[in-house]
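Try each task before you read its solution.

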Amino acid sequence: MKNDLLKKIGEVINSNHSFLIISHKNPDGDTIGSNFALSESLTIEGKDVISYCENDVPEDFKFLLNENINFTNKVEDFSNKKFDVTIAVDGSDKKRFSEFDSIRLSSKIIINIDHHKTNEYFGDYNYVDVDACSTASIIYDLINILNFKINLNIAKSIYTGIITDTGSFRYSNTNKRTFKIASELMEYGINAWEIAEKIYENIPYKRIRLLSEALNNLYLTANNKIAIMSVTKNTLKKYNATYEDTDGFVNYGRSIKGVELSIFIREEDNGCKLSFRSKGNIDASKLAEEFGGGGHFNAAGAFIEKPLDEVLKIINNTISSKNYIL
Ligand SMILES: [Mn+2]
């Protein structure tokens with residue numbers, strides 16, 4: 001069944017020419033890797049492809065850019081253009097994609113490819129596989145179904161999506177298929193250390209300073225099973241930091257012995273971005289839903305339009321009133 005749908009999507013791709021491939025905002029390695037792998041693959045096949053995300057490519061993933069990827073973060077670059085097909089990768093709902101409504105109008109067909117269980121099936125074709133470790137692994141299957149070429153760059157993009165979404169093969173979404181694909185990608189000449197070094201061992205000094213401030217205010221609650229840590233917008237300003245500089249901070253709370261859920265709060269101009277990471281049997285998406293968010297079992301997020309001090313109170317109240325994992 002699933003395979004039939006992916007085949008059908010392959011036929012739609014085969015029989016059309018112009019494509020817009022869109023990544024969700026605040027892009028991660030999976031949405032960027034999926035986008036670039038598909039963009040390059042279709043470009044090599046002679047299709048007309050634009051790759052778009054409202055944010056620039058995060059520094060960590062810039063090494064994936066090359067002349068076969070026509071990337072822009074400016075909607076003006078294609079607002080006069082019509083597309084046969086728009087493919088949205090790794091986003092659970094259309095709000096994750098900026099300008100979606102105008103993109104909808106300029107595209108004949110929308111294809112939605114994702115692995116989030118909260119996906120809202122906003123496309124004309126929706127391939128949502130919650131068992132896939134990453135969207136990038138679905139893109140790998142799709143390129144293979146199409147019988148399109150995979151080169152080293154495409155392999156690197158897919159591999160990046162897989163390692164960033166699985167925490168380098170550590171998270172519970174890592175499965176047999178994950179390793180199978182990773183092993184097949186090695187055939188294209190991937191150097192695992194080289195990619196890991198580009199992504200994980202290339203941290204700007206200011207980000208480490210920022211992390212030290214965040215760790216400084218980390219505290220445990222709910223019988224030391226929940227870790228909470230935050231950064232204020234003033235601290236972000238102090239280090240001239242971007243939002244992406246706090247990526248991964250939430251994992252430090254979860255790495256503490258005995259902690260089952262980590263919450264990281266980033267204060268932004270119009271509210272607070274909450275990230276939840278759990279280990280064991282705690283459903284992070286359930287707590288995220290309490291705050292109007294969602295996500296995966298072990299990784300979820302939400303946004304509260306209130307300043308940090310109020311958000312901390314709300315979280316503490318919710319945790320104690322719900323007897324959350326006590
Ligand atoms: Mn993903």
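The exercises go from overall shape to domains and then to the core.

This is a predicted model: local features need pLDDT of at least 70, side-chain atom pairs count only at pLDDT 80 or more, and totals for chains, interfaces and linings use all residues. Residues are numbered from 1 along each chain as its sequence is written.

**Exercise 1.** Find out whether the radius of gyration of the protein chain agrees or disagrees with that of a compact globule.

*Solution.* Start with the rule, 2.2 Å times the number of residues to the power 0.38, with the radius taken over C-alpha atoms. For 326 residues a compact globule would come near 20 Å, and the protein chain has 20 Å, so the two agree. Next, look at the box filled by the C-alpha atoms along the principal axes: roughly 55 × 40 × 40 Å.

**Exercise 2.** Locate the domains and describe their contact.

*Solution.* First, the domain assignment (automatic or from a database) gives domain 1 as 2–200 and domain 2 as 205–321. Then take their centres over C-alpha atoms: 27 Å separate them.

**Exercise 3.** Which residues touch the most other members of the largest nonpolar core?

*Solution.* Such a core joins buried Ala, Val, Leu, Ile, Met, Phe, Trp, Tyr and Cys residues through C-beta atoms within 7 Å; buried means 20 or more other C-beta atoms within 10 Å of a residue's own, again placed from the backbone. Among the 50 residues here, pick out I87, I139 and I158. Now follow I87: leaving aside neighbours within four places in sequence, I87 contacts F19, I21, L38, I111 and I113. A second, separate core has 26 residues, including L210 and M229.

Definitions and conventions
A residue is buried if 20 or more other C-beta atoms lie within 10 Å of its own, exposed if 12 or fewer, and partly exposed in between; C-beta atoms are placed from the backbone. Two residues are in contact if their C-beta atoms, placed from the backbone, lie within 7 Å.
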